Amino acid sequence: MKKKIIVLALGICLSLGVTACGSESAETGEGAVSSETATTEAKIPLQKEILTFVGESLPSISGDRDRAVQLYNDYFNEGGEKDSDKWMTTLSQEALPKYETYLSNLKGLKTSNDEVTTLKNLYLESAELQRDAIQLVVDAIKNADSTILDKAQAKVEASRTKLQEYNDNLKTLCEQNSIILEDAGK
C-alpha cells in the first residue's frame, strides 16, 4: 500500500516571476550613461549591465528552473487521485537536479557592478529558498510527516519576500538609470 500525505493542504505553488527591463530611455539626463562615460569606465556601464542581466542572462538559464517548477506544479494541476510516491520520485530524480543545475548557472553569472551583484544575490536567495521548499516536500512525503510541509510553506513565503525585494530594487535601479520597465506578463 502506498503511503499518502495530504499535500493539497500545503497549497504551495512555486513561481519565480521577474519584472522585465525594456529598452534604454532616449533621454540622456541624470542616470543615463553616455557612450563617452562608458568607454572610460573599467566596469560595464550600469545601465547596460542591468539590461543584460535581466533581459539576457536570466532568461538564458531559466529552462532548468522552469522545468523543475513545472514538475512541482504538475501535481496540483492534474486531476484525479494523487500518487505522492510518484511525485516524490519525480521531484527527487528530475526537479531537484534541474534546480541544482539552474542554481549553479545562476551562481556562475558574472556581474561587475555592486548594484547588479545585489540584484543577483537577492534573486539567488529567492531561488535557493524555493529549491529548499521542494526538498522539504520530498522529505515530508518520504517521512509521511505533514509538519514538514509547514517548513516548506515558510520557505516559499520567504522566497516570495526575497523576490519582491529583488523586483523593488530592480524597479528603483531602472528608474534611476532611465530604463523602461515592461510587464513580464505581456
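E49 touches I44, K110, T111, S112, N113 and V116, when residues up to four places away in sequence are not counted and contact is taken as heavy atoms within 4.5 Å. The residue is found in helix 2, helices being DSSP runs of H or I with at least four residues, numbered from the N terminus. E49 is buried, with a relative accessible area of 5%, where buried means under 20% relative accessible area, exposed over 50% and partly exposed in between, for a 1.4 Å probe and protein chains only. The model is predicted, so that local features need pLDDT of at least 70 and side-chain atom pairs count only at pLDDT 80 or more, whereas totals for chains, interfaces and linings use all residues. Residues are numbered from 1 along each chain as its sequence is written, and side-chain values use heavy atoms, with hydrogens and water left out.

The axes of helix 2 (residues 46-77) and helix 4 (residues 114-143) come within 11 Å and cross at roughly 5°, which makes the two helices roughly parallel. Axes are lines fitted to C-alpha atoms over the stretch in contact, with angles from 0 to 180 degrees between N-to-C directions; angles under 35 degrees count as roughly parallel, over 145 as roughly antiparallel, 65 to 115 as roughly perpendicular and the rest as oblique.

The largest nonpolar core has 43 residues, and L106 and Y166 have the most contacts inside it; such a core is a set of buried Ala, Val, Leu, Ile, Met, Phe, Trp, Tyr and Cys residues joined through side-chain atoms within 4.5 Å. Helix 2, helix 3 (84-108), helix 4 and helix 5 (147-176) each supply at least two residues of this core.

A search of the whole structure finds 4 aromatic pairs, in which rings of Phe, Tyr and Trp (its six-membered ring) have centres within 6.5 Å, planes under 30 degrees apart counting as stacked, over 60 as edge-to-face and the rest as tilted. The Y99 and Y102 rings, with centres 5.8 Å apart and planes at 80°, form an edge-to-face pair.
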